[in-house]
Amino acid sequence: MTKLQQIMEDLFAVFREYAKRDGEDETLTKPEAKDLLKNQLPGLIENPGYDDEVRELVGGLDVDDGLEFGFRTFMKLVSSVASDRYEAQSLARCG
Ligand SMILES: [Ca+2]
């Protein structure tokens, strides 16, 4: 397995670990999503950064509307956070 394939397997595993807590592992309820972010991306809820999509998703976790997050939404969040951090790292290296 390549490094990138392993990373994808790890992403599936992290998603399912939290998604299965209510007995089904295809979606994250808001409490499941909140736990995942608190444990796996510490500090993100308190400081979601400057990406609008991340701010919207993280901000929405406090709204009690019963919405759930599928894997695609989880990946959008991970992708946005990773891009944000990559840019910050690049700026720090150049600055
Ligand atoms: Ca679930």
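Ala-19 is buried, because 22 other C-beta atoms lie within 10 Å of its own. A residue is called buried if 20 or more other C-beta atoms lie within 10 Å of its own, exposed if 12 or fewer, and partly exposed in between, with the C-beta atoms placed from the backbone. Residues are numbered from 1 along each chain as its sequence is written. The structure is a predicted model, in which local features need pLDDT of at least 70 and side-chain atom pairs count only at pLDDT 80 or more, while totals for chains, interfaces and linings use all residues.

The chain as a whole comes next. The secondary structure comes to four helices and zero strands, and along the sequence the pattern reads α-α-α-α. Helices (H or I, at least four residues) and strands (E, at least two) are DSSP runs, numbered from the N terminus. The C-alpha atoms fill a box of roughly 45 × 40 × 20 Å along the principal axes. Of the 95 residues of the chain, 17% count as buried. Two residues are in contact if their C-beta atoms, placed from the backbone, lie within 7 Å. Among the contacts in the chain with a separation of 6 or more, 52% are between residues 24 or more positions apart.

Ala-19 has its place in helix α1. Leaving aside neighbours within four places in sequence, Ala-19 is in contact with Asp-25, Glu-26, Thr-27, Leu-28 and Glu-32. Ala-19 and Lys-30 are eleven residues apart in sequence, and their C-alpha atoms are 9.9 Å apart in space.

How do α1 and α2 pack? The axes of α1 and helix α2 (residues 30-40) are 9 Å apart, at an angle of about 130 degrees. Axes here are lines fitted to C-alpha atoms, for helices over the stretch in contact, and angles run from 0 to 180 degrees between N-to-C directions. The two helices, α1 and α2, are therefore oblique to each other. Angles under 35 degrees count as roughly parallel, over 145 as roughly antiparallel, 65 to 115 as roughly perpendicular, and the rest as oblique. The crossing of α1 and α2 is right-handed. A crossing has this hand if the near helix is turned clockwise from the far one by less than a right angle, and is left-handed if anticlockwise. On the α1 side, Val-14, Tyr-18 and Ala-19 take part, and they meet Glu-32, Asp-35, Leu-36 and Gln-40 in α2. The residues of this contact of α1 with α2 divide into four nonpolar, one polar and two charged. Ala, Val, Leu, Ile, Met, Phe, Trp, Tyr, Cys and Pro count as nonpolar, Asp, Glu, Lys and Arg as charged, and the others, Gly among them, as polar.

Two loop residues can be set beside the helices. Thr-29 lies in the loop between α1 and α2. Thr-29 counts as partly exposed because it has 17 C-beta neighbours inside 10 Å. Apart from neighbours within four places in sequence, Thr-29 is in contact with Asp-22 and Glu-68. Thr-29 and Gly-66 are 37 residues apart in sequence, yet 7.4 Å apart in space, C-alpha to C-alpha. Asn-47 is found in the loop between α2 and α3. With 7 C-beta neighbours inside 10 Å, Asn-47 counts as exposed. From Asn-47 to Val-58 is eleven residues in sequence and 9.4 Å in space, C-alpha to C-alpha.

Helix α4 (residues 71-94) has 24 residues and reaches 34 Å from its first C-alpha to its last, close to the 34 Å expected at 1.5 Å a residue. The expected span is 1.5 Å times one less than the number of residues. Which residues of α4 are buried? Phe-74, Leu-77 and Val-81 are buried in α4. An α-helix has 3.6 residues a turn, so residues three or four places apart point the same way. The buried residues of α4 pack against α1 (3-19) and α3 (52-59).

The axes of α3 and α4 come within 9 Å and cross at roughly 130 degrees. That makes α3 oblique to α4, and α3 passes α4 in a left-handed crossing. Glu-53, Val-54 and Leu-57 of α3 make this contact with Lys-76, Leu-77, Ser-80, Val-81 and Asp-84 of α4. The residues of the contact divide into four nonpolar, one polar and three charged.

Ala-92 also has its place in helix α4. With 8 C-beta neighbours inside 10 Å, Ala-92 counts as exposed. The C-alpha atoms of Ala-92 and Asp-52, 40 residues apart along the chain, are separated by 21 Å.
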